[in-house]
Amino acid sequence: MRSLEAALDAEFDLAPLWRQADADAFLAAQGAGFVGLVTSVWGPVDAALLARLPNLRVIANFGVGYDALDVAAIRARGIVFSNTPDVLTDCTADLAWAALLDVARGVSAAERFVRRGDWAAGRRFPLQTRVSGKRLGIVGLGRIGRAIARRGEGFGMRIAYHGRRPQADVPYAYHATPQALAADSDFLVIAAAGGAQTRHLVSREVIAALPPQAFLVNVARGSVVDEAALVAALVERRIAGAALDVYAHEPQVPEALLALDNVVLLPHIGSATRETRQAMADLTIANLRAYFRDGRLLTPVTD
Ligand code: DGY
């Protein structure tokens with residue numbers, strides 16, 4: 001993000017790694033000079049990178065999800081790190097709803113229909129699926145999952161969720177397994193954090209448990225869903241459709257999905273509004289400032 005880079009540059013001695021023609025050579029020569037690192041889901045931090053930064057003390061992750069960070073390796077070195085929770089919750093939940101409404105009502109497909117001249121040529125756009133009053137299942141009832149659920153209340157939906165444990169302060173039904181939730185959902189929205197613990201939580205079996213009229217919406221991480229199983233279910237029309245903002249191997253989107261009109265494909269834009277990205281940038285910098293001023297991050301990741 002340009003404004004983040006400019007703001008970092010104004011306050012710190014910044015070296016944008018992606019501008020280096022040979023980042024490896026640059027790090028080999030100068031890596032020992034860095035004490036802080038700013039990264040995001042698109043800039044993985046693994047043990048090999050850490051080895052090139054022997055004096056690194058702090059990492060500020062531009063984003064709430066930190067599955068691109070090798071947390072064990074970071075902790076083993078005693079490095080602290082922050083993320084950007086809360087500030088992106090609403091926009092990500094909004095996007096989940098935009099995607100859900102789009103795939104259910106065929107908004108993007110209808111728009112393509114108009115642009116292609118099909119309407120003008122006298123064709124009828126096929127009937128789509130009602131959203132209001134249906135069953136909404138949410139995998140992962142964290143900040144973003146809860147914001148998605150609250151929006152679902154406005155649509156008069158019956159809301160249920162699956163997570164590590166039931167949450168006492170919500171009025172929604174809890175399912176102990178993602179299969180049970182899938183079987184009880186017209187819309188299954190994935191909002192669980194990525195990483196090793198949730199890899200393929202939405203497995204082949206979970207996808208098979210979805211009713212044939214169900215839609216799957218993923219605004220979390222591609223890794224949470226068994227993408228090959230999802231693609232097969234969509235191609236074989238075993239579920240009604242999917243709206244995806246995230247993929248297993250971004251920016252690669254499974255070829256088979258490109259031809260399907262009942263699939264909405266977005267380029268990982270959950271938090272991508274000017275307002276939210278600015279708030280994320282501000283929080284990223286505020287974390288670094290606080291760390292270098294008094295040794296404490298504002299939003300450290302401690303789990
Ligand atoms: C996040 O915050 O984890 C998003 O996926 C990236 O903006």
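## Accessibility and the helix 6 pair

A residue counts as buried under 20% relative accessible area, as exposed over 50%, and as partly exposed in between. Glu111 has 36% relative accessibility, so it is partly exposed. Arg115 reaches 66%, so it counts as exposed. The model is a predicted one.

These two residues are partners. The side chains of Glu111 and Arg115 form a salt bridge, with 2.7 Å from N to O. Both sit in helix 6 (residues 107-115). They are four residues apart, about one turn of the helix.

## A salt-bridge network

Side chains of opposite charge can pair when their charged atoms come close. In this structure the count is 16 salt bridges. One of them joins Arg135 to Asp186, at 3.1 Å from N to O. Arg135 lies in strand 4 (residues 135-139), while Asp186 lies in the loop between helix 8 (178-183) and strand 7. The pair therefore ties together parts that are 51 residues apart in sequence. Asp186 is buried, because its relative accessibility is 8%, under the 20% limit.

Another bridge links Arg158 and Asp184, at 2.6 Å from N to O. Arg158 belongs to strand 5 (residues 158-162), and Asp184 to the loop between helix 8 and strand 7. This pair ties together parts 26 residues apart in sequence. Arg158 is partly exposed at 46% relative accessibility. Asp184 has a relative accessible area of 19%, so it counts as buried. Through shared partners, salt bridges join Arg135, Arg158, Asp184 and Asp186 into one network.

## Aromatic pairs

The whole structure holds eight aromatic pairs. One of them is Phe12 with Phe292. Their ring centres are 6.0 Å apart and their planes stand at 55 degrees, so the pair is tilted. The pair links distant parts of the chain, 280 residues apart. Phe12 is in the loop between helix 1 (2-11) and helix 2 (23-30), and Phe292 is in helix 12 (residues 274-294). Phe12 is partly exposed, with a relative accessible area of 23%. Phe292 is also partly exposed, at 35% relative accessibility. Together with Tyr291, Phe12 and Phe292 form one aromatic cluster.

Phe187 and Phe215 form a stacked pair. Their centres are 5.4 Å apart, with 10 degrees between the planes. Planes under 30 degrees apart count as stacked, which is why this pair qualifies. Phe187 lies in strand 7 (residues 187-190) and Phe215 in strand 8 (residues 215-218), so the pair ties together parts that are 28 residues apart in sequence. Phe187 is buried, at 1% relative accessibility. Phe215 is buried too, at 3%.

## The ligand and its shell

Gly63, Val64, Gly65, Leu88, Arg221, His268, Ser271, Arg277 and Met280 surround the ligand. By class, this shell has three nonpolar, four polar and two charged residues.

Gly65 places a backbone N or O atom 2.9 Å from a ligand oxygen. His268 has a side-chain N or O atom 2.7 Å from an oxygen atom of the ligand. Ser271 has a polar side-chain atom 2.9 Å from a ligand oxygen. Taken alone, the ligand exposes 240 Å², and the protein buries 91% of that.

Key: Residues numbered from 1 in each chain as written. Predicted model: local features only at pLDDT ≥ 70, side-chain atom pairs only at ≥ 80, totals over all residues. Heavy atoms only, no water. Phe/Tyr/Trp six-rings, centres within 6.5 Å; stacked < 30°, edge-to-face > 60°. Helix = DSSP H or I, 4+ residues; strand = E, 2+ residues; numbered from the N terminus. Buried < 20%, exposed > 50% of the residue type's maximum accessible area, 1.4 Å probe, protein only. Salt bridge = Lys/Arg side-chain N within 4 Å of Asp/Glu carboxyl O. Near = heavy atom within 4 Å. Polar contact = N/O pair within 3.5 Å; in protein donor to acceptor, adjacent residues only side chain to side chain. Areas by Shrake-Rupley, 256 points an atom, 1.4 Å probe, with all protein chains shown as cover. Nonpolar A, V, L, I, M, F, W, Y, C, P; charged D, E, K, R; others polar.
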